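This report treats a predicted model.

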Amino acid sequence: MQDAVLAMLAKEPSHGYHLHARLRRVLGPLGESMNRGQIYVTLARLERAGLVVCERADGLPERPERKVYALTPAGQQRVAAWLAEVGWPKPDLAEFHLKLAAAAAARLADPVELVAAQRRELLRHLREAQQAALAEPAGSGAGLLLEGVALRLQADLRWLDACERAWSGADDEVEGG
Amino acid sequence: MNVSSAVVRARGLVRTHGRGPGRVRAVDEVDLEVPQGQTLAVMGPSGCGKSTLLHLLGGLERPTGGEVWMDGRRIDTLSERALARMRRRSVGFVFQAFHLVEELTAAENVELPALLAGRSRRQARRRASLLLERVGLADRARHLPSRLSGGQRQRVAVARALVNDPLVVFADEPTGNLDTAATLDVLRIFEDLRAAGQTLVIVTHDERVAATADRLISMRDGMFVDDTRLAGTGTGTGTGTGTGTGTGWLGGLGGLIGLEG
Amino acid sequence: MGSVVLVVRLVLADLRRHKAQAAMLLLAVTVATATMALGLSLRGVSDALYEQTRAATAGPDVVALSGDTGPAVTAALASLADAPEVIAHHGPYRIVYATLSTRDSISSPVVVQGFAETPGAVNRPLVTSGRWVRSGGTVLERGFATALGVGVGDHVTIAGRSYPVVGIAVTAATSIYPWAAQVGPGGGPSDYSGLAWMTRADARTLASSKDLPVTSALDLKLRDPAAADAFRHAHRASDIRINFHSWQFTAVQDMVILGDSQPILVVGSWLLGFLAITGVAALAAGRAVEQTRRAGLLKAVGAAPGLIAAVLLTEYLALALAGDALGLVIARLTVPAIASPTASRIGDAPGPGGATVATATVLAVAVAVLSTLRPTLRAMRTATVTALSATAHQPRHRPWLTALSALLPTPLLLGLRLTARRPGRAVLQACSTATTVIALVALLTINAQPERGYGLDGSFALPNLRGEHDRRLMLAVTVLLVALAVVNTITFTWTTAMEARANMAVARTLGATPGQISAGLSAAQLLPSLPGAVLGVPLGVGLLSLFAARNAAEAPSASLLGAVLATLVATAALTALPARLAARRPVARILSAEAA
């Protein structure tokens, strides 16, 4: 999130509350979880790291609303490096996979049941994402983000289908043998 | 579940295709109740029997065994003529391939079931323009289906399914031929219908379509393998998180997009 | 060479796939060409039979007849026999006008010719059974004997006296039965008469005992038979009434009995050809999608448009030519019975002449080309990619009809919209119905004609052979036309049902009952049939007026109305079965098939 806040400042120096509003607008319903405090905590960290400078505007001191944040040259370099970066968040599937394997091996739980429960959970997430996407006006940036979330969840659900097939097959083999 | 509130009900429903050793049970001993106002999605891989189930519930196919009830009336024993009347009055269909009449305009397609049900031309026309307005195609009323996009065609088909105020709308892969944007258009209409208390049964293999339902049934080899209550008006025992309020986002999706500082 | 193999292979494969359609085209063309070949062969066959009879009986080139008696007549006839153009003669001999009755009390006018017991050089009737005349016995002309049902050994009563029939013979000196009289008593008009021969003495006795009217006749053989007419004009006597009958005149007179057969057959064959075109065109249109696809496939693998056209046309032409050959064979086999309704002539009927074969072939080729022209052209024109993805050719939107149909009850609503889908087919159906009604009008009109029987005073104890012949032919042609129209109607209904099956299945999901669907399919055929049937009546009357005699009677209006109604009821009944079959097909399966 630090990188995102930095990049937001690349256009022009900005107030903290202004930054918060811009982030919320881009994130749409997903930004609702973010409170202004998080922004100031992040900005404070960036300032300590020498990536932004805080210029106090006129009026009462120490009121966050009165602070305007701007990028330092180091901050600008960091933004450029961030944009050039090709790293991608990895979905962590190994943990769930190991959970199924462990449950089956120790006969702690039925892996098929675990898959079903997980599936229900993901479906609920997907439902929320879908409903949020439906509520977005066509062409909104947040809609695009929700589309990505939904596609991710869809991929996960399909993987769970594959898990279910595999584990119910394994079950049959055990019973048959 | 309160029987009187079930618009569609099936008991021990069986449908086999073919004979002898090649015989396939497309639908195998299925029990189902769809209460008034519920949006039910049926999911499964192709060939699992979900389309057959839909045809059985809508009276397009006759079951090999079991019973189908529609609005408290048993329909699997009805004559073809009575079935047709039942469809006219109580059921609307939406298909993957749209199945619009190619030589009729959008408005004329929507009017068709109303005319079949014996409404006057004026009533049919008024109802059709209202519904086309509702699906956002008022300005395309005089277009032939060939001049409409896939999504627009499907919206016309939805309007046509609604023209006789059906008790239940059956949709068979309604977004199967549509791109993402058109899918969202159709899902938005379904969402409006759901809000208005329309009973909907959607057969789909698209998780994203299924996820918009109140309840999701998974089918494999003609049988129900899972019945999940995602949310909604039903009185079931599902463990849903409620109907998508702001708090849901924090726990669920906020984490998914990795907003932690 | 390779492309010929390819064409043949594709044609054979297609024929195997569409056996019923191939059979229909073959049959339709066979029937049409057979009828046309028959109609065109009649004159030639009639002439050939006369020619053979004339050769076998030493037929005279000219027969001179006089109703008067006396020395002046005898002298005039004698001078004719001595004319320089004449190389041989027979007579003069008596022709006595009498009445003949059989044991079954069938009575007929008869002319009795007094002949020598040993025939001369000219006009030697050919005895086909029994023997030639002898004293007290009579020989009957074969056509007459056949109509009477009399054979050798029977007795007939002529002018009150009984004679045994000692023989049956044919002659070329007179026209076929019942035109044996040539002239009436005193050179006046004659009744339908048969011909009998007796010895000269018996004929004289017959005439004098009852004071019967007599005509003197003289058979002449000319040096130049072709100059018979010139001879006639040169020897027209001023003071004595002598009638000359040239052999050409007699031959033409033979055709009178076939006077209506020819138009019945030829016009019938046009109508049959027309029905064949409508039926096959409907089939071809029904297959247009498939053909377009096939053309697309061929184009995609690099075939030239010429090859595509060749494949499409070869199939229809091959079938049409096979039908043509079959039709000509049928015509050849049936022509003796049809070209010679009496037994008055002998000899073998020749096969259809070159002109007839050519005309029938043109008809067959026309049926093939006209019925496939549109799909062929369309298939050639359509771009490859479009053709490959062709599902169905897009029916046009007809806001007018759609709006009108919205006011009607469901079956008519569906029917009108189905009709509007395929206006071309509606026109074909209307034409098919109109053709049927034209045939029925002709049949009714021919049956309504007043006629005299060939018996005494027009008695129907001896039926009017010409009328019977006409009615039988008309009935046969009508039956063929109706049969083709029936096949057409069933084809149209089935094709409509198959093309509209997706829409009809959709209508059923929207709540239309199977009954409404099948009624709609029937209505789709009946709607164009109605104007077709109504138009058929004036068309039929108009067509008949081209061939009918001026004093021809018209068929009663009630029966014409009946024909129209019967046609419509029959159409409704015929469409009911395919429509019901189509409406009973399971909806779910049709929709899944369409979606796939």
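Within chain A of this predicted model, helix H5 (residues 94-106) has the highest confidence, at a mean pLDDT of 89, whereas helix H7 (residues 141-176) of chain A has the lowest, at 79. The mean pLDDT of chain A as a whole is 82, and 90% of the residues of chain A reach 70 or more. Residues 173-177 of chain A fall below 50, and this stretch makes zero contacts in the model beyond near neighbours in sequence. Where pLDDT is low, the predicted coordinates should not be read in detail.

Chain A also contains an open sheet of three strands, ordered S1-S3-S2, with antiparallel pairing. S2(A) and strand S3 (residues 67-71) of chain A are joined by five bridges; A:Glu55 has A:Val68 in S3(A) as its bridge partner.

The contact between chains C and B draws 28 residues from chain C and 29 residues from chain B. On the side of chain C that touches chain B, the helices below each supply at least two residues.

| Helix of chain C | Residues |
|---|---|
| H14 | 410-421 |
| H17 | 501-509 |
| H18 | 514-545 |
| H20 | 587-595 |

H17(C) gives the most to this side, with six residues. By type, the residues of chain C that touch chain B comprise 15 nonpolar, nine polar and four charged.

Notes
Residues numbered from 1 in each chain as written. Chains lettered and ligands numbered in written order. Predicted model: local features only at pLDDT ≥ 70, side-chain atom pairs only at ≥ 80, totals over all residues. Pairing = 2+ DSSP bridges. Helix = DSSP H or I, 4+ residues; strand = E, 2+ residues; numbered from the N terminus. Contact = placed C-beta atoms within 7 Å. Nonpolar A, V, L, I, M, F, W, Y, C, P; charged D, E, K, R; others polar. pLDDT = per-residue confidence, 0-100.
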